[in-house]
Amino acid sequence: MARLIIALLLLMTVRTAALAAENISARAHYECIWWSTEQMANFDPNHPPPRKTRVRLDRWEYSDPVGVPHPDTVTLVVMLTSSGVQKNLDIVVRTQWLGGRPAKAEALTSHIVSLEAGVPKIIEFQLPVKATIDQNHPKLLRSSIWAGAKELSHADLPITVGD
Amino acid sequence: MANVHSPPHSRHRQHALANFVLLPQVSGNGYYPYSSTDRQYGTQATVDTVVKVARSFFSANRGLKIGIGDLCFQHGAPMPPHVSHRDGKEVDIRPMRTDRLSAPVNIHDAHYDRAATARLVALLLAEPNVHRILFNDQKIAGVMRWAGHDNHLHVKMNR
């Protein structure tokens with residue numbers, strides 16, 4: 001009897017999560033902190049100024065040490081919206097590296113969020129990328145955003161390493 | 001019995017034993033470095049070629065300086081995220097800007113100076129030590145198109 005009750009509770013929890021995820025949408029992109037255009041002029045590579053400018057990152061590229069962003073850590077910015085009220089949703093990001101030497105997929109620490117109906121909420125995930133790019137030379141980072149068992153969205157970051 | 005085969009790490013050892021020459025870091029040579037000093041070592045011939053071309057360009061273009069980026073580490077250690085840049089014979093050079101700023105530029109920018117960049121490429125190609133230039137402005141003769149080369153010339157030297 002106890003087992004049956006536990007099974008029913010589990011089933012209800014999974015069903016509730018699935019129903020909740022159906023009402024949620026997500027959009028995601030990458031950003032990083034980099035040097036401003038003004039800082040790049042007459043730049044002293046031996047004494048670089050602090051990076052302070054938040055920029056959108058459409059690709060990670062090492063073709064100029066200063067002129068194009070190639071940060072050690074990227075920020076995945078996720079905007080969530082829901083058509084209904086959502087309490088204590090577990091939003092998880094899974095990263096996948098495509099191309100280059102094989103690298104394992106990672107499940108990142110999740111964010112627990114609550115959403116009001118029609119009110120967008122932005123959450124951010126810090127993704128360290130330097131070690132994997134340096135060692136495996138991948139072509140693409142794909143970050144998938146999950147709510148329960150449903151993939152809400154994903155964001156791709158093309159990667160160009162130096163030749 | 002001695003092992004007559006090269007060990008798998010022989011290439012790494014060869015690089016590790018290299019002792020390259022630092023590109024002179026003093027001003028007045030007709031160039032400005034945009035990579036840190038530890039990334040600006042090359043073979044003697046490569047460094048000599050860079051200095052010669054920079055001085056010639058500087059003299060012929062009313063004091064216009066060229067930007068020199070990554071060459072190699074002093075002992076040829078891996079330079080991630082570069083795949084190459086280990087044998088001291090490769091150098092990254094910025095295209096020229098119309099506003100003469102010491103700053104990045106790519107071939108799609110309004111400040112990109114094709115004419116000056118073409119003159120720089122011609123000077124480089126006139127050097128016997130220059131083997132190949134990867135760069136994506138196909139309106140400049142003598143360069144080879146290659147992904148990721150809108151904002152720098154990757155110059156490969158012979159020695």
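How many residues of chain A are in contact with how many residues of chain B? The count is 21 residues of chain A with 22 residues of chain B. In contact means that the C-beta atoms, placed from the backbone, lie within 7 Å. By class, the chain A side has 10 nonpolar, seven polar and four charged residues. Ala, Val, Leu, Ile, Met, Phe, Trp, Tyr, Cys and Pro count as nonpolar, Asp, Glu, Lys and Arg as charged, and the others, Gly among them, as polar.

A word on the model. It is predicted: local features need pLDDT of at least 70, side-chain atom pairs count only at pLDDT 80 or more, and totals for chains, interfaces and linings use all residues. Residues are numbered from 1 along each chain as its sequence is written, while chains are lettered from A and ligands numbered from 1 in the order in which they are written.

Now Asp64(A). It sits in the loop between strands E3 (60–61) and E4 (73–82) of chain A. Strands (E, at least two residues) and helices (H or I, at least four) are DSSP runs, numbered from the N terminus. Asp64(A) is buried, because it has 25 C-beta neighbours inside 10 Å; the cut-off is 20 or more, with 12 or fewer for exposed and partly exposed in between. Beyond neighbours within four places in sequence, Asp64(A) is in contact with Gly69(B), Pro104(B), Asn151(B) and His152(B).

Over to helix H3 of chain B, residues 114–125. Its buried residues are Thr117(B), Leu120(B), Val121(B) and Leu124(B). They cover an arc of only 100° around the axis, so they lie on the same side of H3(B). That arc uses the directions from the helix axis to the C-beta atoms.

Notes
Two residues are in contact if their C-beta atoms, placed from the backbone, lie within 7 Å. The expected span of a helix is 1.5 Å times one less than its number of residues.
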